[in-house]
Amino acid sequence: VIRSTLFDVSFLMLTSIVQTYGSDVVLSERGDSFFEKWVRECMVERNKLKNPRQILALCDDSIVDELLLSFSKPEAAQLKANNLSWQETCLNLPGVLHHVLIAWEQETLSSADVKSILDNIKRRLFSFSVCATSFLCAYMYSVKETELLKPLNMIQQFLAPLTSEELSSQENAKERLALSYQIIRKMQHDVHPAPSTKSRLISHSPLVEQFREVWRTVVDAGHLPVRAAQSLESLLLAGGAAWLSTQLVEQLLACKYTRDMSRTMDVVFAVMHLDIEKTTEALLQYVVAPLILRRQGEDINEPQSLVLARLCVYCIISCLESRKGNGTSALTAMKKRSRSHDEEELAANAAKVRKVIGDGSDNSSDFTDTTTGAGLAALLGSTSTSELRTTPLTLREPLQTSVQHIFAVFLQFVSGDELSPKAVFVYQFISLVVECGGERVAPVLRLLPNGLVQQLLKVLVTDDIKVGLISRLYDLRIQAGRLSAVSDLCLWRNMQMARHSIHL
């Protein structure tokens, strides 16, 4: 009895610690203990959902059958010697729950039978109810909305109170039960927000309607509340990064006034940081190009195209910074912080970035000085001379593939001979990369396709493009960069001379 209590307390405490700080921070890379195996393969964490089929693949059919008999008919099971360890029970409980769910769906088991089995699981060890809940949360992500009710009811049964007699029959039962309740509620909330949130996945309404309902709360509040951030994170997991990014950009382009557009830009940029790498990839590969092609000539002109280009550039720079640093990086430090701090700071950080970079609509392109990127460097990390010299030559995935894709799309946008909103967007994007990124965007500019800038010069006949912009697109320290810059500058000079010459 004492050993089982020690196992239960240790398991619950370790699970609570992993929930608080995250498995990436708590577990070692090569740990092979039972608990570490259970966390990696069976435990549901926020933003780290598990595949229920893979969890079931760990189960042993003979052990599952033995556990089914033990939990459904405890009296009969007592007559048979039970040699199962607690570890084996934890790993095979998903198989038990899966059989119970199927039998309940097919009405082979009644609700009373299911309740009895769940109560027996819970009375044995409170750790068992946590293991069962983790599988049920993973299972709920693999079924349709109409099939969520039964697993949800099963989780609620694990949260049902025990009688005073049941509590008194076990050592420190009250404390262990309270800790198990805390873990189960957090697991359930991480997968499905509580009914008090306005947008929840346990709903009969489509995801689009849930998003619009959350967005109304954001508009009414004038900022991004913590509850709304949590609901948007659930929608990100349910609908995917491409879907959520599309919805956010649509709200951004729907703004009619510059002040509303700036405020919405702050919120959208903040929401992107729920998973900046995935949302940036989705924005560049699946959202921007179809949106511009579909809506050009409507509301994708100024200033909407400028704010969309600004959002793309900010996300690229944030994605670059999130992967940068030696030793203990800023990203690692963020992971070690409590989640409650992150949601509260999302909108504040986004607004700070915009203020430091500047959100003026003049979009000056006279890049003759090197102070334009200093603001962003001050916020996202100071860049010393030694760091500039060690700027990586290539980007990491998926950012590199995403940037290559959007540049290939840009090449198609400027392939014609006429000026169009698409060409204007390309110019705004490239100029903002140079203006806001400084030296850190050198690996981004290295991916510019051959001929893109020259074709843009031919299409976009304007005084906005100047020598400073063209020279900063290339690495002038190497011969290939100097040759490309000279070629573009010669074309720019010839076009300027042709424009200002006197035609007789």
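Trainee: Leaving aside neighbours within four places in sequence, which residues is Leu-232 in contact with?

Mentor: This is a predicted model, in which local features need pLDDT of at least 70 and side-chain atom pairs count only at pLDDT 80 or more, while totals for chains, interfaces and linings use all residues. Residues are numbered from 1 along each chain as its sequence is written, and side-chain values use heavy atoms, with hydrogens and water left out. Contact means heavy atoms within 4.5 Å. With those neighbours set aside, the partners of Leu-232 are Phe-211, Val-214, Leu-224, Leu-244, Val-271 and Leu-274.

Trainee: Is Leu-232 buried or exposed?

Mentor: Buried means under 20% relative accessible area, exposed over 50%, and partly exposed in between (1.4 Å probe, protein chains only). The relative accessible area of Leu-232 is 0%, so the residue is buried.

Trainee: What distance separates the C-alpha atoms of Leu-232 and Leu-274?

Mentor: Leu-274 is among the contacts of Leu-232. Along the chain the two are 42 residues apart, and their C-alpha atoms are separated by 8.6 Å.

Trainee: Which helix holds Leu-232?

Mentor: Helices (H or I, at least four residues) and strands (E, at least two) are DSSP runs, numbered from the N terminus. The buried residues of one such helix include Ser-231, Leu-232 and Glu-233. Leu-232 lies in α14.

Trainee: How far apart are the end C-alpha atoms of α14?

Mentor: The expected span of a helix is 1.5 Å times one less than its number of residues. Helix α14 (residues 226-239) has 14 residues, so it should span 20 Å, and its ends agree with that at 20 Å.

Trainee: Which residue takes a positive phi just after α14?

Mentor: The helix ends at residue 239. With a phi of about 95°, the residue just after α14 is Gly-240.

Trainee: How are α7 and α8 oriented to each other, roughly parallel or roughly antiparallel?

Mentor: Axes are lines fitted to C-alpha atoms, for helices over the stretch in contact, and angles run from 0 to 180 degrees between N-to-C directions. Helix α7 (residues 86-105) packs on α8 (residues 111-124) at about 170°, with axes 10 Å apart. Angles under 35 degrees count as roughly parallel, over 145 as roughly antiparallel, 65 to 115 as roughly perpendicular and the rest as oblique. The two helices are therefore roughly antiparallel.

Trainee: Which residues make the contact between α7 and α8?

Mentor: Ala, Val, Leu, Ile, Met, Phe, Trp, Tyr, Cys and Pro count as nonpolar, Asp, Glu, Lys and Arg as charged, and the others, Gly among them, as polar. The contact residues divide into eight nonpolar, one polar and no charged. From α7 come Leu-93, Leu-97, Val-100 and Trp-104, and from α8 Ser-111, Val-114, Ile-117, Leu-118 and Ile-121.

Trainee: What is the relative accessible area of Glu-107?

Mentor: Glu-107 lies in the loop between α7 and α8. Its phi is positive, near 65°, in a residue other than glycine. Glu-107 counts as exposed, because its relative accessible area is 71%.

Trainee: How many helices does the protein chain have?

Mentor: Buried residues make up 49% of its 504 residues. There are zero strands in the secondary structure of the chain, and the helices come to 28.
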